[in-house]
Amino acid sequence: AITYTSIASALGDMSQSMLIAFFPIEARNRGLSPFSIGILFATFHLFALLTCLTGPRIMKNLTLPIVLKYGVFLQALIGFSFSFTGQIHTSNRFFITFLCLRSVQGILSGLCEVSSIGLVKRSVPEDMVGESVVWIESSRTLGLMLGPVFGGGLNMLWGYAAPYILSASCLLIIFFIMMIFPIDKVSDLLIEGRPKWNITKRLFGSPVVCLLFVSIITAAASVTFLEPTLLPFLTEIPYNLDEIEVGLLYLTLILVYAILAGFSGSIASLVGNIPAF
């Protein structure tokens, strides 16, 4: 289960992060404004977030392996669909088509993320849950690191459709492997009954939780704003970097994040529990 969920998480994040190294220029060549390009990047994260929040209620009658398996399959289909958007040259049609595909991609990514974490938590002993979730998050970081490099390189070598076809093909292969060698049956459903929304309300009623929520959003925004802006900025004078170089530059950002994340557990243990402010 950990192997499947880690690979699926890595490939899912790689498929969406590939765009960083080539898409902004492709979109700009079709007449899209920087604001419109930013919307297309943000759409994925918005729908992934909404799906993660509502996923337990949506999937309460589905088993986790089924959600993960067919979520991977549908992500592959969306990836192949992205490869055809290069045939659209009018700005409005390109924007609407890409917006719809990114929305569906975000929903599928959210479903796979929720099912992956739930599947791993039910497949390992209780004292290994934290370590198992780290494997999933580490694999997602790996996907984010490789995405811009593969995206920029494949676009330079074989054109606009190549990155999408590669990521979709990898997801499709994982789907067929899951069909041939299914994940051990997990009898537990994702959630029994209705989610306890009163617990969520109590959490967000805490000043500490609210402060952490705002801090995480701010930190994430400081990184994700680079997705639609880094490539156009660095490919112009005086930098004149190519798409592979931009992908490698973005990789360093995620690499530093991954290294520091490895020490976060030890730092948290040293600091201990901080009382309410």
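In what order do the elements of the chain run from the N terminus on? They run α-α-α-α-α-α-α-α-α-α-α, and the secondary structure comes to 11 helices and 0 strands, where helices (H or I, at least four residues) and strands (E, at least two) are DSSP runs numbered from the N terminus. This is a predicted model, in which local features need pLDDT of at least 70 and side-chain atom pairs count only at pLDDT 80 or more, while totals for chains, interfaces and linings use all residues. Residues are numbered from 1 along each chain as its sequence is written, and side-chain values use heavy atoms, with hydrogens and water left out.

Buried residues make up 40% of the 277 residues in the chain; buried means under 20% relative accessible area, exposed over 50%, and partly exposed in between, with a 1.4 Å probe and protein chains only. Among contacts (heavy atoms within 4.5 Å) between residues at least 6 apart in sequence, 83% join residues at least 24 apart.

Helix α7 covers residues 162-180, and at 1.5 Å a residue its 19 residues should span 27 Å, a value with which the 27 Å between its end C-alpha atoms agrees; the expected span is 1.5 Å times one less than the number of residues. Within α7, the residues A162, P163, Y164, S167, A168, L171, I174, F175 and M178 are buried.

| Pair | Angle | Axis separation |
|---|---|---|
| α1 (residues 2-17) and α7 | about 160° | 9 Å |
| α4 (residues 64-83) and α7 | roughly 155° | within 8 Å |

The angle makes α4 roughly antiparallel to α7, a class that holds angles over 145 degrees, whereas those under 35 count as roughly parallel, 65 to 115 as roughly perpendicular and the rest as oblique. On the α4 side, the contact is made by L68, K69, Y70, V72, F73, Q75, A76, G79, F80, F82 and S83, and on the α7 side by Y164, I165, A168, S169, L171, L172, I174, F175, M178 and M179.

**Individual residues**

C170 is partly exposed, with a relative accessible area of 23%, and C100, at 45% relative accessibility, also counts as partly exposed. The structure holds 0 disulfides, a disulfide being a pair of cysteine sulfur atoms within 2.5 Å.

S109 is found in helix α5 (residues 91-121) and is buried, with a relative accessible area of 9%. Leaving aside neighbours within four places in sequence, S109 is in contact with F44 and Q75.

A27 lies in helix α2 (residues 23-29) and is buried as well, at a relative accessible area of 0%. Not counting residues up to four places away in sequence, A27 touches L32, I37 and F94, and its C-alpha atom is separated by 8.4 Å from that of F95, 68 residues apart along the chain.

Terms used: Axes are lines fitted to C-alpha atoms, for helices over the stretch in contact, and angles run from 0 to 180 degrees between N-to-C directions.
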